Amino acid sequence: RKEGFSSLVEAMNLHACMFGRNERAVTMAQNEDEMKVHRDRIDGFLKNMGTSEIKFNVILENENQKEFEFPDTGSKFWLGTAGSTTFGRSRDITRLHCTEVAHYKDQGVLTGVLNACVDSAWRVFETTANGMERFYQLWIEAIDKSAGSVWKPHFFSWFDDPTNVQKIADMYRMPQRWMKMAKTHKLSVSQVAWYDQKYSEQTDKALMCQEFPSTATEAF
């Protein structure tokens with residue numbers, strides 16, 4: 001959560017469109033508001049590349065709310081939402097990024113967008129968990145080596161982010177309820193203090209495991 005994976009994937013796809021030939025990149029968000037966040041991020045990448053001595057100039061054609069076109073490379077970058085059942089169907093997608101997949105209201109849209117990908121397409125699904133829905137089934141198939149899944153699973157816990165620590169006072173003592181977790185995952189007191197603070201902020205304590213999981217099983 002908030003470790004920057006969607007930013008990384010979008011930066012890689014943008015780089016491919018700028019320097020590769022005939023790339024067709026797609027980012028699919030869960031709704032219009034989230035799509036605007038991703039659009040603003042890509043705008044930020046384009047405006048802030050280079051240094052004071054070296055600047056990148058990108059020529060964009062047909063620039064609108066949902067599309068970037070790169071005439072120098074013949075590449076395109078589209079942004080859409082999971083609410084559009086036809087989005088992506090007519091495109092030969094070479095790079096697909098579906099963000100917060102587990103929170104799509106209709107995950108049936110994935111069928112169309114996946115079938116629009118070329119055989120060699122690079123495809124990324126990233127999300128926080130949301131119970132045992134369709135993404136969960138894909139995850140189970142991916143971790144079961146006998147299932148023959150084309151997906152490679154990657155789980156990142158809350159403590160994989162090195163910034164998830166909190167400065168503590170000398171008198172601070174680790175709460176008893178987190179001692180087993182700390183021992184299992186070899187966590188520092190400052191990490192546990194950060195986790196404890198996040199837990200205290202949750203209005204629904206039962207969702208702590210989903211929002212800041214230690215393991216994939218815990219997340220689902």
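These legends walk through several close-up views of one predicted model.

This is a predicted model, where local features need pLDDT of at least 70 and side-chain atom pairs count only at pLDDT 80 or more, while totals for chains, interfaces and linings use all residues. Residues are numbered from 1 along each chain as its sequence is written, and side-chain values use heavy atoms, with hydrogens and water left out.

**View 1. The whole chain, for orientation.** There are eight helices and five strands here, taken as DSSP runs numbered from the N terminus (helices are H or I with at least four residues, strands are E with at least two). The C-alpha atoms fill a box of roughly 60 × 50 × 30 Å along the principal axes. Of the 220 residues, 42% count as buried; buried means under 20% relative accessible area, exposed over 50%, and partly exposed in between, using a 1.4 Å probe and protein chains only.

View 2. The structure has 12 aromatic pairs. Rings of Phe, Tyr and Trp (its six-membered ring) pair if their centres lie within 6.5 Å; planes under 30 degrees apart are stacked, over 60 edge-to-face, and the rest tilted. F135 and F220 make a tilted pair, 6.3 Å centre to centre with 35° between the planes. F135 sits in helix α4 (residues 134-143) and F220 in the segment after α8 (216-219), so this pair ties together parts 85 residues apart in sequence. Y136 pairs with F220 too: the centres are 4.9 Å apart and the planes at 65°, so this one is edge-to-face. Y136 is also in helix α4, 84 residues from F220. F135 and F220 are both buried, with F220 at a relative accessible area of 18%, and Y136 is buried at 17%.

**View 3. An aromatic cluster and two charges over rings.** Ring pairs join W158, F159, W178, W194, Y195, Y199 and F212 into a cluster. K205 lies over the face of Y199, 5.1 Å from the ring centre. Another charge over a ring is R123, which lies over the face of W151 at 5.2 Å from the ring centre. To count, NZ of Lys or CZ of Arg must be within 6 Å of the ring centre and within 35 degrees of the ring normal.

**View 4. The second largest pocket.** About 160 Å³ of space lies in this pocket, the volume being the space filled by probe spheres set on grid points joined across faces, edges and corners. On a 1 Å grid over the protein atoms alone, a pocket is an open set of points where a 1.4 Å probe fits, with protein on both sides within 12 Å along at least five of seven lines; lining residues have an atom within 4 Å of a point. The lining has 13 residues, with W178, M181, Y195, S214 and E218 nearest the centre. Elements giving two or more residues are α5 (179-185), α6 (189-201) and α7 (208-211), and α5 gives the most, with four.

**View 5. Q202 in its loop.** Q202 is in the loop between α6 and α7 and counts as buried at 18% relative accessibility. A polar atom of the Q202 side chain lies 3.2 Å from the backbone oxygen of K198.

**View 6. C98 and E126.** C98 is in strand β4 (residues 93-99) and is buried, at 0% relative accessibility. C98 and E126 are 28 residues apart in sequence, yet 6.5 Å apart in space, C-alpha to C-alpha.

How values were computed. A polar contact is a pair of N or O atoms within 3.5 Å; within protein, one must be able to donate a hydrogen and the other to accept it, and residues adjacent in sequence count only if both atoms are side-chain atoms.
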